[in-house]
Amino acid sequence: MQFKDIIGHSSQIALLRRMADSQAIPHALLLHGPSGIGKMQTARAFINYICCENPTDGDSCGVCPSCRQLNSLNLPDVHYIFPILKKNSTKTPLSSDYLEEWKEFLANFSYMQPEKWLELLNAGNSQPTFYVSEADEISRVASLSSYSSPFKFFIIWLPEKMDGPVANKLLKIIEEPFSDTLFILVSNNASMILPTIFSRCQRLEFNRLSDTEIANALIASGAAPEKINEITRLAEGRPVKAFELLSQEGEAEEFGELFRNIMRNAYSRNVSGLKSLSDRLSQSGREKSMRLLDYFASQVRENFIYNLHTPSLNMLSPSEETFSKKFAPFIHIGNVEKIDEEISKARTDISRNANAKLVWFDFFLKLLILIRIPIPQS
Ligand SMILES: [Zn+2]
């Protein structure tokens, strides 16, 4: 990660660059502001800049051994601390128990959407947290010397989720600075951080981006010019939202076609057609599959509502409505809940990396039965 990769935040980046250039880096920094705007990206680019063997024009080089190790998340002096769930196999839960999931998270979701982290942890209804064992481990590692970098870095993501005992231990560690140790706290909600920790850190506030910054980022990403205004408006200054919307552009038509195709095959009990559709969908990848299932859930709801003949309640595109005119009667009080449950179940299974081909085929077979349930006579 380099400063040049970050959208916006130029004054915060300039300040961090000055700190590094003048070797006046505080031992605890707090980067805080709304989620999905690039705080963690900035923290990572800052570390790259500090460790780079050949910094040029106020940025890391991106190619030296340190930059390469940082980019592949393999620099031994960088320690990420984040909320986790306790594994049954351990008495001393640590963030490093989830190193593989964390690497996947940083690689695929550099805007650190908390809901994506919950999915990677298979958290279900559990709330990830920090454990006292984590604070003990930070203390132990901080007392060792660094391997090759000027600092041992501890990047603490979502410190607002630390409860009293852990936060107090962390406070003690921050209060007694170990040599060559830099804490970078990255928070979406600084008002929830233990006030004594908050006041011990040098704070850097991050704000939502301007519409111009978002629009320029969309142009640079090759967004269709006629879509830029609308996406910019909906993104509300959060690049994560802008890019999400951009990737979903063009999916709407594909998803509509798939929905119609699947429902037709389910109704006509075309098992081999459903089998080849499940083969095709298993190639879609987890994120897209989950978006498709969300789309299915919304279409099932829309078709159920369509039967009420109150157009103001419906939000269907023209092509969706053409299909619904004939299809809506098959979604009714006798099956709507069951279909919705099957969609949620498939979504959970996909989010847990179950075999996608089996999940889709199983879902289609349930659909084949549910779609033929007759309307209950009242
Ligand atoms: Zn470098």
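Predicted model: local features only at pLDDT ≥ 70, side-chain atom pairs only at ≥ 80, totals over all residues.
**From one phenylalanine outward**

Leaving aside neighbours within four places in sequence, Phe183 is in contact with His27, Ala28, Leu29, Phe154, Ile156 and Ile174. Phe183 belongs to the largest nonpolar core, a set of 67 residues, and together with Leu29, Ile155, Trp157, Ile184 and Val186 it is among the residues that touch the most other members. The largest share of this core, 8 residues, is contributed by helix H2, which covers residues 39-51. The core also draws at least three residues from domain 1 (3-207) and at least three from domain 2 (212-248). Apart from this core lies another one, made up of 24 residues, among them Phe255, Tyr306, Ile343 and Trp360. In soluble globular proteins, nonpolar side chains tend to be buried together.

The wider setting comes next. The domain assignment divides the protein chain into domain 1 (3-207), domain 2 (212-248) and domain 3 (251-370), and the C-alpha centres of domain 1 and domain 3 lie 40 Å apart. The chain has 17 helices and 5 strands, and its C-alpha trace spans about 75 × 50 × 35 Å along the principal axes. Of its 378 residues, 35% count as buried. Among contacts between residues at least 6 apart in sequence, 72% join residues that are at least 24 apart.

On the H13 side the contact is formed by Leu274, Lys275, Leu277, Ser278, Asp279 and Leu281, which meet Ala356, Lys357, Trp360, Phe361 and Phe364 of H17. Sorted by type, the residues of this contact comprise 7 nonpolar, 1 polar and 3 charged.

Ser210 lies in the loop between strand E5 (202-205) and helix H9 (211-220), and it counts as exposed because it has 12 C-beta neighbours inside 10 Å. Between the C-alpha atoms of Ala107 and His332, which are 225 residues apart along the chain, the separation is 43 Å.

The last stop is the backbone itself. Most residues other than glycine have a negative phi. Leu158, although it is not a glycine, has a positive phi of about 60°, and its place is in the loop between strand E3 (152-157) and helix H7 (164-175). Leu158 counts as buried because it has 23 C-beta neighbours inside 10 Å, the cut-off for that class being 20 or more. Asp180, another residue other than glycine, also has a positive phi, near 55°, and it is found in the loop between H7 and strand E4 (181-187). With 15 C-beta neighbours inside 10 Å, Asp180 counts as partly exposed. Strand E4, which spans 181-187, brings the reader back to Phe183 and its contacts with residues including Leu29 and Phe154.

Conventions:
Residues numbered from 1 in each chain as written. Core = buried A, V, L, I, M, F, W, Y, C linked by C-beta atoms within 7 Å. Helix = DSSP H or I, 4+ residues; strand = E, 2+ residues; numbered from the N terminus. Domains from an automatic or database assignment. Contact = placed C-beta atoms within 7 Å. Nonpolar A, V, L, I, M, F, W, Y, C, P; charged D, E, K, R; others polar.
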